[in-house]
Amino acid sequence: MENQTRQQRKDFAKTLYLSEKGITQKEIAARVGVTEATVSKWVREEQWDRLKTSVVGGREELLSWLHTQLNAIREAVSSRQENNYVSSKEADTITKLTNAIKKLETETNITHKVEVGRQFLTWLRETDPDRAVEFLPLYDAFIKEALR
């Protein structure tokens, strides 16, 4: 942890705070290598609680909304009596929506990596608690590397 800059520690703490359900500020501080007071200050000053609310379910919710928009265009075009082909404006909108969906479905960001790791760690804790203790430092190192 000594090689991490303060900003990298803050970024890692923020990632943990936003993505690991039920994690305490004390646990974040221990994993990041700062004091609990520092984590508390970051949470308060940068309003991480507000961010947490918007991040939870945000990706899936947005994907669902984008698919709903595409379906609405399809239905509107299909329901026309005449000329049930998409207009150039509709085609442009379809392209933009499709690209946004593709990006959300394929982009692997740090939050997603943390979520997958968290799910694995939860499973591992139930299956083999000793291995979970061994895995955690490797997992933290992986996330810290991804933040660089």
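What follows is a short chat about helices and one tryptophan in this predicted model.

Trainee: Let's start with helix 1, residues 6-19: how far apart are its end C-alpha atoms?
Mentor: Count 1.5 Å a residue, and the 14 residues of helix 1 should span 20 Å. The model agrees with that, because the end C-alpha atoms of helix 1 are also apart by 20 Å.

Trainee: And how many residues of helix 1 are buried?
Mentor: Among the buried ones are Phe12, Leu16 and Leu18, along with Arg9 and Lys10. Helix 1 is mostly covered, and the buried count out of its 14 residues is 10.

Trainee: Moving on to helix 2, what covers its buried residues?
Mentor: The buried residues there are Ile28, Ala29, Arg31 and Val32. What covers them includes helix 1, helix 3 and helix 8.

Trainee: How are helix 2 and helix 3 oriented to each other, parallel or perpendicular?
Mentor: Take residues 25-32 for helix 2 and 36-45 for helix 3: their axes come within 8 Å and cross at roughly 110 degrees. An angle from 65 to 115 degrees counts as roughly perpendicular. Helix 2 and helix 3 are therefore roughly perpendicular.

Trainee: Which residues of helix 3 make that contact with helix 2?
Mentor: From helix 2, the contact uses Gln25, Lys26, Ile28 and Ala29. Taking both helices, the contact residues divide into 4 nonpolar, 2 polar and 2 charged. On the helix 3 side they are Glu36, Val39, Ser40 and Val43.

Trainee: What about helix 7 and helix 8, parallel or antiparallel?
Mentor: Helix 7 (residues 110-127) packs against helix 8 at an angle of about 170 degrees, with the axes 9 Å apart. Anything over 145 degrees counts as roughly antiparallel. So helix 7 and helix 8 are roughly antiparallel.

Trainee: How many residues of the contact of helix 7 with helix 8 are nonpolar?
Mentor: Helix 7 brings residues including Val114, Phe120 and Leu121, while helix 8 brings, among them, Phe135, Leu136 and Ile143. Beside 2 polar and 4 charged residues, the nonpolar ones number 13.

Trainee: Last one: is Trp48 buried or exposed?
Mentor: Trp48 lies in helix 4. Leaving aside neighbours within four places in sequence, Trp48 is in contact with residues including Lys10, Ala13, Leu18 and Trp42. Tyr17 is 31 residues from Trp48 in sequence, and their C-alpha atoms are 7.7 Å apart. With a relative accessible area of 0%, Trp48 is buried.

How values were computed. Residues numbered from 1 in each chain as written. Predicted model: local features only at pLDDT ≥ 70, side-chain atom pairs only at ≥ 80, totals over all residues. Heavy atoms only, no water. Axes fitted to C-alpha atoms, helices over the stretch in contact; angles between N-to-C directions. Helix = DSSP H or I, 4+ residues; strand = E, 2+ residues; numbered from the N terminus. Parallel < 35°, antiparallel > 145°, perpendicular 65-115°, else oblique. Contact = heavy atoms within 4.5 Å. Nonpolar A, V, L, I, M, F, W, Y, C, P; charged D, E, K, R; others polar. Expected span 1.5 Å × (residues − 1). Buried < 20%, exposed > 50% of the residue type's maximum accessible area, 1.4 Å probe, protein only.
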